[in-house]
Amino acid sequence: MRKASAYPKGLFTALPTPFKANGSVDAKSLSFQIARQKKARVEAVVLWSDAREEIELTFEEKKAVLEIALEACGKNLPLVVGTGRSSTLETIDKIAVYQNMGAAAALVSTPDHPLISQEGAYRHFSTIARATQCPMIVRNIPEKTGQELRVKTLFALGSIPEVLGIQEAPHSYVHLKERILQKMVSIFADHDTWIYSYILGGGVGAVSVAANLFPGEVARLIRAGFLDDRRGAKDAHDRLFPLFKALALASSSTIIQASMRYFSLPTGNYRPTAPRLAGAQLRFLHKQLKKMEAFWEG
């Protein structure tokens with residue numbers, strides 16, 4: 001397996017999992033989604049970045065989704081899997097299976113336990129890294145994981161060879177400049193709204209939901225930021241901003257599936273337990289998406 005430093009950084013598209021009406025995985029819709037990402041030349045795609053999906057899918061379902069996705073990705077598009085809300089040992093076992101199937105890296109959360117210490121969180125990730133030698137992105141998103149990793153912990157995690165970087169939520173943006181300036185940890189933006197600030201501040205990429213709809217435009221935003229083309233990055237950010245506002249309405253998989261329906265993209269069905277948009281929320285979403293029609297990538 002390649003070292004973590006050899007993996008690409010940039011746009012990682014967070015894919016929703018599509019299902020058929022009978023509850024089975026919609027392979028055709030998933031393959032279509034991945035084909036659009038390949039066409040836009042994104043750096044990687046991510047399964048189960050939405051914590052709700054990672055929890056609701058059975059392990060057998062995850063293996064079925066991964067098998068379909070890997071076939072669609074082929075040899076040139078890396079695939080990242082989300083995991084880690086279970087115990088350390090269970091996470092190691094899952095990653096080992098995903099690696100053997102062909103996954104390139106893992107997006108790993110802290111255990112779903114609000115009382116875990118910072119030292120305990122560090123040992124969770126370092127133990128996984130040693131056992132699997134799998135390149136990973138560490139999730140530091142307290143509203144989704146129930147645990148905030150502090151700056152000192154993040155610096156320590158940044159020294160682990162397998163760690164590609166930290167996926168950061170905007171609540172902790174105040175620490176971003178300090179972390180990047182010290183060159184001790186690489187930062188991936190979690191929320192699309194913050195990609196512009198993160199990339200121009202020295203971040204290394206984004207785990208993006210918006211890229212399901214506009215992969216080319218999100219890629220332009222990130223690549224312009226890497227080139228310090230502030231005008232180009234700001235123009236791309238402004239074009240995408242109505243979509244970014246809409247993405248704040250609900251969980252990422254719910255919003256993106258509703259948005260894909262608006263643009264007549266195959267997206268499969270919702271799981272029975274998945275939240276739906278209706279009424280004022282759905283009207284607001286459609287209002288924002290209408291502003292994006294002029295930039296539609298097809």
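Mentor: Let's start with a definition: a crossing is left-handed if the near helix is turned anticlockwise from the far one by less than a right angle, and right-handed if clockwise. What you're looking at is a predicted model, in which local features need pLDDT of at least 70, side-chain atom pairs count only at pLDDT 80 or more, and totals for chains, interfaces and linings use all residues. Residues are numbered from 1 along each chain as its sequence is written, and side-chain values use heavy atoms, leaving out hydrogens and water.

Trainee: What makes up the secondary structure here?

Mentor: The protein has 13 helices and 8 strands.

Trainee: Which handedness does the crossing of H10 and H11 have?

Mentor: The crossing of H10 and H11 is left-handed. Their axes come within 8 Å and cross at roughly 145°. Axes are lines fitted to C-alpha atoms, for helices over the stretch in contact, and angles run from 0 to 180 degrees between N-to-C directions. The contact (heavy atoms within 4.5 Å) includes Val 218 and Leu 221 of H10, and His 237 and Phe 244 of H11.

Trainee: And how is the crossing of H4 and H5 described?

Mentor: Helix H4 (residues 88-101) and helix H5 (residues 118-132) have axes that come within 10 Å and cross at roughly 35°. That crossing is right-handed. Among the residues making the contact are Ile 92 and Ile 95 of H4 and His 124 and Ile 128 of H5.

Trainee: Why is His 237 called buried?

Mentor: Buried means under 20% relative accessible area, exposed over 50%, and partly exposed in between (1.4 Å probe, protein chains only). His 237 has a relative accessible area of 10%, so it counts as buried. This residue of helix H11 touches Thr 193, Tyr 196, Leu 221 and Phe 244, leaving aside residues up to four places away in sequence.

Trainee: How do you know whether Ile 160 is buried or exposed?

Mentor: Its relative accessible area is 8%, so Ile 160 is buried. Ile 160 sits in the loop between helix H7 (151-158) and strand S6 (163-168). Leaving aside residues up to four places away in sequence, Ile 160 touches Tyr 122, Ser 126 and Ala 129.

Trainee: What makes Asp 228 partly exposed?

Mentor: Asp 228 has 49% relative accessibility, so it falls in the partly exposed class. You'll find Asp 228 in the loop between helix H10 (215-226) and helix H11 (230-246). Asp 228 also has a positive phi of about 60°, although it is not a glycine.

Trainee: Why point that out?

Mentor: Because most residues other than glycine have a negative phi. Ser 264 is another non-glycine with a positive phi of about 60°. It lies in the loop between helix H12 (252-262) and helix H13 (279-290), and Ser 264 is exposed because its relative accessible area is 65%.

Trainee: Why do we say the buried residues of H13 line one face?

Mentor: The buried residues of H13 are Leu 285, Gln 288 and Leu 289. Seen down the axis, they fall within an arc of 100°, so they line one face of the helix; the arc is that of the directions from the helix axis to the C-beta atoms. H11 and H12 are among what covers them. The face turned away carries the exposed residues Ala 280, Arg 283, Lys 287 and Lys 290.

Trainee: What makes something a nonpolar core?

Mentor: It's a set of buried Ala, Val, Leu, Ile, Met, Phe, Trp, Tyr and Cys residues joined through side-chain atoms within 4.5 Å. The largest one here has 89 residues, with Leu 79 and Leu 213 having the most contacts inside it. Helix H3 (residues 59-73) gives the most to this core, with 7 residues. Leu 79 touches, among others, Val 45, Leu 47, Leu 66 and Ala 103.

Trainee: How much of the protein is made up of buried residues?

Mentor: They account for 57% of its 298 residues.

Conventions
Helices (H or I, at least four residues) and strands (E, at least two) are DSSP runs, numbered from the N terminus.
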